[in-house]
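This briefing covers confidence, nonpolar cores and salt bridges, in that order. Please read it alongside the sequence and coordinates shown here.

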Amino acid sequence: RLLIAHWFLPPVTSNVTFDFATMNITLSKQNTTDALLNISLTESDYLPKVEEKVKDYARKATIKGFRAGKVPSGVIRKMFGKTILVEEVNHLISHAVSDYIRDNKLRVLGDPLPNEEKARGIDWETQKDFEFEFQLGMVNDFPVDLSSKTKVTKYVIKIDDHVIQETLEDIQQRFGTVSYPDVSEAGDNLSGELTRTDGSTQSTYLPFQKINPKEQSKFVGLKKDEVISFDPLLAFADDVVRAQVLGLPHEEAAKQKGTVTFKVSNITRVSPAELNQELFDKVFGKEVVATEEDFVQRVKDTVSENYSREADLFLNHEIQHQLMDHTPVTMPEAFLKQWLKSSSQGEVSDQVLEKEFKAYSDSLKWDLIKNKIAEDLSLQVEGGDVREKAKQMIAEQFGGAAIAAQLGDKLDAIADNYLSGQDGKGENFMRVYNQLRTEKVMAAVKSKITIAEKSVTLEEFRKLASAHNH
C-alpha cells in the first residue's frame, strides 16, 4: 500500500537547507510535485557512530588467536570496517531523510527514491565524504468545497406492490422444491455446453426468467442432449447476464455477434414454496412470524431497509465523484509510476501500469481528499471507537442485539481477538479503522453540502445505477 506522510501540512519554500548535526541537506523543487533531496556527509557526521560500532564489535567478537573481548580495534576495522561503515551511513541517511520530511512538514507520496547511479559510484574503501540524492513525489495543498454550493441528489426508492410481489415470488422460488424433468417447460432453467461463434466451448447456465419473452419459446420442449441455436443479443437484453452466459468479460461479450449453439445437459424446475409456517420459519427464523399478513409486512420492511441501504451507497458514490471531479489535486504521476515499478520487485510492468494506473491514481486521489477533510474538520477515530465498531459488526453477523446481549462481556474478548488477528499484524484493526474513518468523513460531508431528495421507482433506480459510468 501507498505510504502517505504529512501530505496535508503547509508547504516548504523552493530551496531549504537543514543542518542535521554538521550534515548538509538541501531540497530543490523542480516543479509543484517533484523535488530532489540532496544530502552531503563529511567524516565527522558518521565517524563517531562507526567508532562506537567498532568498539562494540571488539567487545563481542570471537576471533581465533584473541581472547574474548580483547580483539584490537585495528583487526576489527580490517575485517569488518567496510561493512560497519556502509551500515552506519545507510542508517544515518535513512533517519536524516525521514526526519527532514517530518520536521519540514513535507507532503510526500510514496517513498523517497534514491539515485542509484550515484550510489553505485561510491568508493567505500577510500572516500571520506559522501553525497546522496533522493527523488520525492509531493502533492500541494488543495481546498475541498464542503459548502452548500456542492449539490448532489439522493434517490428515495418507492417500494410499490409490484416490487413486493416480485420479492415474494423470488422468495418462493429460492425456497421451492427442485426437480429435474425430462422435458423443459416455461420457467425451467437449463444448463449445458455452449459453443461460441469462434468454435470455443463453455459450460453455462440459462436462467429462463432473464430470457427475452419473444425468444423464450425456443427453450421450451427441450430434452437432455438436444442442441439448439440462438442469438445471445436477441435472447438476453441484460448485458451482465449475456456476459455470464457466454462466459466472457463484459467488454468482449458486448462485441459478440451471430448465432451460438447450446447442448442441454440438465433441466432444473423449481416448484414455488407455499406461503405457510414452514416458509415463514425458513426465511425469518422459527416462530418469528405467525401469519401471512405479518410475513408480507416483514418482507416489506426488509425490502425497504435493503433498498434504503442501496440508495445510501449510491449517494456516497455520487458524493465521492462530485468531490473528485471538483477538487484540484495535482499529483506526481511520473514519480508514482517509477515508484510503483521500483517497489514492486519486477511485478509491475509498463503494461500493468498502462492498464491499472488510472484506477490506482483515482483511489489515491480519493484517499487524499478524505485525509484533507479529516484534517480540516479535526475528525479522529480512537481505539475504543474501533473496538465498538468491531463488536457491532460481529453482533450483526451472528444475529444482532439478541446475540450481543447473550455474549455480554465475552463480546469484548471476541472483538479484541478479531482486531489483533491470527497473524498479530492488526490488519483487521486497520480495516475497521479505515471503514469507521470513511463513515465519519462521509457523515461530516453530508452535514455540510446540499442533498436534494428525489423519489424514483425501483426500475428507475436500477437504470440510474446501470447507466452510472464512474
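Buried means under 20% relative accessible area, exposed means over 50%, and partly exposed lies in between (1.4 Å probe, protein chains only). The model is predicted: local features need pLDDT of at least 70, side-chain atom pairs count only at pLDDT 80 or more, and totals for chains, interfaces and linings use all residues. Residues are numbered from 1 along each chain as its sequence is written, and side-chain values use heavy atoms, with hydrogens and water left out.

**Confidence**

- Mean pLDDT (the predictor's confidence in each residue, from 0 to 100) is 87 for the chain, with 93% of residues reaching 70 or more.
- Residues 1-19 stay under 50 in pLDDT, and for them the model has 63 contacts (heavy atoms within 4.5 Å) beyond four places in sequence.
- Where pLDDT is low, the predicted coordinates should not be read in detail.

**Nonpolar cores**

- A nonpolar core is a set of buried Ala, Val, Leu, Ile, Met, Phe, Trp, Tyr and Cys residues joined through side-chain atoms within 4.5 Å.
- The largest such core has 33 residues, of which I39, L41, V89 and F130 touch the most other members.
- At least two residues of this core come from each of β3 (23-29), β4 (34-41), α1 (43-60), α2 (73-103) and β6 (130-138); helices (H or I, at least four residues) and strands (E, at least two) are DSSP runs, numbered from the N terminus.
- The most is given by α2, with 10 residues.
- Apart from neighbours within four places in sequence, L41 contacts M23, Y46, V89, L92, I93, K128, D129 and F130.
- A second, separate core of 30 residues includes L146, L315, L336 and W366.

**Salt bridges**

- The whole structure holds 26 salt bridges, each defined as a side-chain nitrogen of Lys or Arg within 4 Å of a carboxyl oxygen of Asp or Glu.
- R102 and D99 form one of them, at 3.1 Å from N to O; they are 3 residues apart in helix α2, about one helical turn.
- R102 is partly exposed at 42% relative accessibility, whereas D99 is buried at 15%.
- R120 pairs with E116 at 3.8 Å, N to O, and both lie in helix α3 (residues 116-120), 4 residues apart.
- R120 is exposed, with a relative accessible area of 62%.
- K391 and E388 meet at 3.3 Å, N to O, 3 residues apart in helix α12 (residues 383-397), about one turn.
- K391 is buried at 17% relative accessible area, while E388 is partly exposed at 45%.
- Salt bridges with shared partners join D99, R102 and D103 into one network.
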